[in-house]
Amino acid sequence: MFGFSRAQTIAFGVMLVLIVVSPYVLYPVFLMRVLCAALFACAFNLMIGYVGLLSFGHAAFFGMGSYVAAWTMKVWHVDASIAILFGAMTGAFLGFFLGYLAIRRSGIYFAMITLALAQMVYFFCLEAPFTGGEDGIQQVPRGFMFGVIDLSNDMTMYWVVASVFVAGFLLVHRIIHSPFGQILKGIRENEPRATSLGYRTDDYKLIAFVLSCMIAGAAGGTKALVFGIATLTDVHYSTSGEVVLVTLLGGLGTVFGPAMGALVVTSMENYLAQFGAWVTVTQGVIFMICVLAFRRGIIGEIGAFFKISL
Amino acid sequence: MNLTRRSALTTAAAATTLPLIRPARAQGAAIKIGVMNDQSGPYTNTTGVTSVICAKQALEDFGVSTKGMNVEIISADHQNKPDLAVSIARQWFDRDGVDVLLDVPTSSVALALQSVVREKNKVYLNVGAASSALTGSQCSPNFIHWVYDTYMLSRSTGGAMVKAGGDSWYFLTADYAFGKQLASDTSDLVRKAGGKVMGSALYPFPETTDFSSFLVQAQASGAKVLGLANAGGDTVNSIKQAAEFGLNKSMKIAALLMFINDVHALGLDVAQGLSLTESFYWDLNEGTRAFTKRILPKTPKNYPNSIHAGCYSATLHYLKTVADMGAAEAKKDGVATINRMKAMPVEDDLFGKSKIREDGRNMIPAFLFEVKKPSESKGPWDYYNLKVTTSGEDVYRSLADGHCSFIKA
């Protein structure tokens, strides 16, 4: 029903099994971090992989989503589902206005415009009173989902995050494989031809951008709930850079790539933390190995090996 | 064996997953101390590995093995990311049986961990973070703040300098909450001490690298003291540029947040005459010199600053408390351990005697130092002249002004 090919159905099944089994083996809070990063990367992949536009400012939508979700949770005491929804809406709204300006250009110009706009959002977050400046919004309660499910337990929270991730993942997959997604790919391959066929390409790109920002906002909101904080790290340009790394590592323009990339990068951050200064060095080396040897990313290479599209 | 590029890469990829396999956790009443700080970013020298070494030195000096205690120290680099820090800390508490969280620079990270430690009822000994909110609006009964905070820095540098004749100030302020807080706190104290503030230049944060126009404004103001309400790389850059403009000859420069490692990085030529506050200096007295002599072989390139010394002192006091109440008791209840630590008098060679206030503030004295001229410096890291000592009671914010929520008035 979602336009999965047979290989993709199997891969999706494997991913679901891993999502269900892994919290009993690995630490749930770590896995939630992976899932939030994976959802963010899926949103980013929608732009870079299927519209061919490299957004260098996705942290703005992720971070604002997390700030708004944290703030509504802490000050308005809304339901967790509403907070995540607020995060997604913030991402979409911001994406609409910034995207309206940015999609008029492509390539390096698009990347630079999104970076510039994202830096404006960063400075806004640094100065605005509600974000708490560099201290961030702290001690955000996890609260309740749908008024009944208590999220203070890590495992309960994990299932909620996993559901949000799977929903977001399926949404991205559905968008890509819809007629709308086909046109996006058409625009990616040859924009003048899409225009000559009568498609208003700017509108398509804007809608794709807004959808991508909405999912990024939802990922940010979910992350704010998991950790009970929203800080400047989430809007900083290094987060925008990290999501590029995650997507490239996993496989650009593959459905499962971003999730794989998020797993690898987050594990490195987490498990190499005890080795001190080696984290950044290792990250750099692995990134170099990837772009030199697995140019299609981990999932992309696996797909190419079995001659399937994942 | 035929080693192809593909198989080499596969092996390399597989090797990266090795750290995922963790050793089985230790059983019994072993105490575990987790040092979390910045080991690859801007605070590497002021906290970093030297903090871990100092904490380990405390184990050695206390003689845990001869006393039959089982204490282990682990460490992690939080990369200044609050979410990563929360994730590691939760894992430490839930899976690895960590009892104490030590160091933790960067205010956003330090504050984020406050609620995690409280939820898990563990012990949180913060040394590296500056935010005074940690014992104020965001205080916790599981928490002790060991060597410094923003209020104490402004109080010591601001108040004491006015008394020493620096009665008119101009501020160079980083335009974000921390910088503005530091500047406004210090301004208040300067005025209270009878000085006046001639003006202030706000510069955009981060990414300001050229301070020349702000420095010229400062020079034109005619103030006697230039207060630098910023931190880290900004402080270093502004001091360098001030020296290029000759400001260090016409004005006294007061860095509000600076450590001996930053002075070392600048060099005495540039840093001479600078005023700053720390609560520890390696060459202060017999005790500090003996400590530095013990620790130096392990960290020859990075002398201990007040944060490193604080990690030593905090670990030592914690170990004394554990020896007093028993490891099993200490593992069970973080609040009880903290209360016991507050009840026991703190005493060591580095900071002398002090007491920990109800809100978790360790009341140690603050020293206003002036950086020596190159001609006065006799050996490596011989950098400071002690100018003014302010006692703990005078230098820290009063209990009532902190509005700490868990203390019943």
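A: Start with a pairing in chain B. Strand S13 (residues 366-371) of chain B and strand S14 (residues 384-390) of chain B run antiparallel and share 6 bridges. One facing pair is B:Val371 and B:Tyr384, the latter in S14(B). Keep in mind that this is a predicted model.

S13(B) has another partner as well. Strand S10 (residues 275-278) of chain B pairs with S13(B) in the antiparallel sense, over 4 bridges. Here B:Ser275 stands opposite B:Glu370 of S13(B).

How many residues of S13(B) are buried? The count is 6 of the 6, so the strand is largely enclosed by the rest of the structure. Look at its two faces in turn. B:Ala366, B:Leu368 and B:Glu370 lie on one side. B:Phe367, B:Phe369 and B:Val371 lie on the other. Every one of these is buried, so both faces are covered, where buried means that 20 or more other C-beta atoms lie within 10 Å of a residue's own.

Now place the strand in its chain.

Next, a sheet elsewhere in chain B. Its 5 strands follow the order S2-S1-S3-S4-S5, and the sheet is open with parallel pairing. Strand S2 (71-77) and strand S5 (143-145) of chain B stand at the edges. Each has a single partner strand, so one side of each is left without a neighbour in the sheet. Neighbouring strands are turned by 20 degrees against each other on average, direction ignored.

Strand S4 (residues 123-126) of chain B is covered on both faces. B:Val123 and B:Leu125 are buried on one side, B:Tyr124 and B:Asn126 on the other. Strand S3 (residues 100-103) of chain B pairs with S4(B) in parallel over 4 bridges. Between S4(B) and S5(B), also parallel, there are 3 bridges.

Helix H3 (residues 82-94) of chain B touches strand S1 (31-37), S2 and S3 of chain B, and its direction makes about 175 degrees with that of S1(B). Helix H4 (residues 107-120) of chain B lies across S3, S4 and S5 of chain B, at about 160 degrees to S4(B).

Helices also meet each other. Helix H13 (residues 306-325) of chain B packs against helix H15 (residues 334-343) of chain B at about 110 degrees, with the axes 10 Å apart. The two are therefore roughly perpendicular. H13(B) contributes B:His317, B:Tyr318, B:Thr321, B:Asp324 and B:Met325 to the contact, while H15(B) contributes B:Thr337, B:Arg340 and B:Met341. These residues divide into 3 nonpolar, 3 polar and 2 charged.

Last, step out to the neighbouring chain. The contact between the chains takes 32 residues from chain A and 34 residues from chain B. Helices H2 (28-50), H9 (201-227), H11 (257-271) and H12 (278-292) of chain A each supply at least two residues of the chain A side. That side holds 15 nonpolar, 12 polar and 5 charged residues.

Conventions
Residues are numbered from 1 along each chain as its sequence is written. Chains are lettered from A and ligands numbered from 1 in the order in which they are written. This is a predicted model: local features need pLDDT of at least 70, side-chain atom pairs count only at pLDDT 80 or more; totals for chains, interfaces and linings use all residues. Axes are lines fitted to C-alpha atoms, for helices over the stretch in contact, and angles run from 0 to 180 degrees between N-to-C directions. Angles under 35 degrees count as roughly parallel, over 145 as roughly antiparallel, 65 to 115 as roughly perpendicular and the rest as oblique. Two residues are in contact if their C-beta atoms, placed from the backbone, lie within 7 Å. Ala, Val, Leu, Ile, Met, Phe, Trp, Tyr, Cys and Pro count as nonpolar, Asp, Glu, Lys and Arg as charged, and the others, Gly among them, as polar. A residue is buried if 20 or more other C-beta atoms lie within 10 Å of its own, exposed if 12 or fewer, and partly exposed in between; C-beta atoms are placed from the backbone. Two strands pair if DSSP finds at least two bridges between them.
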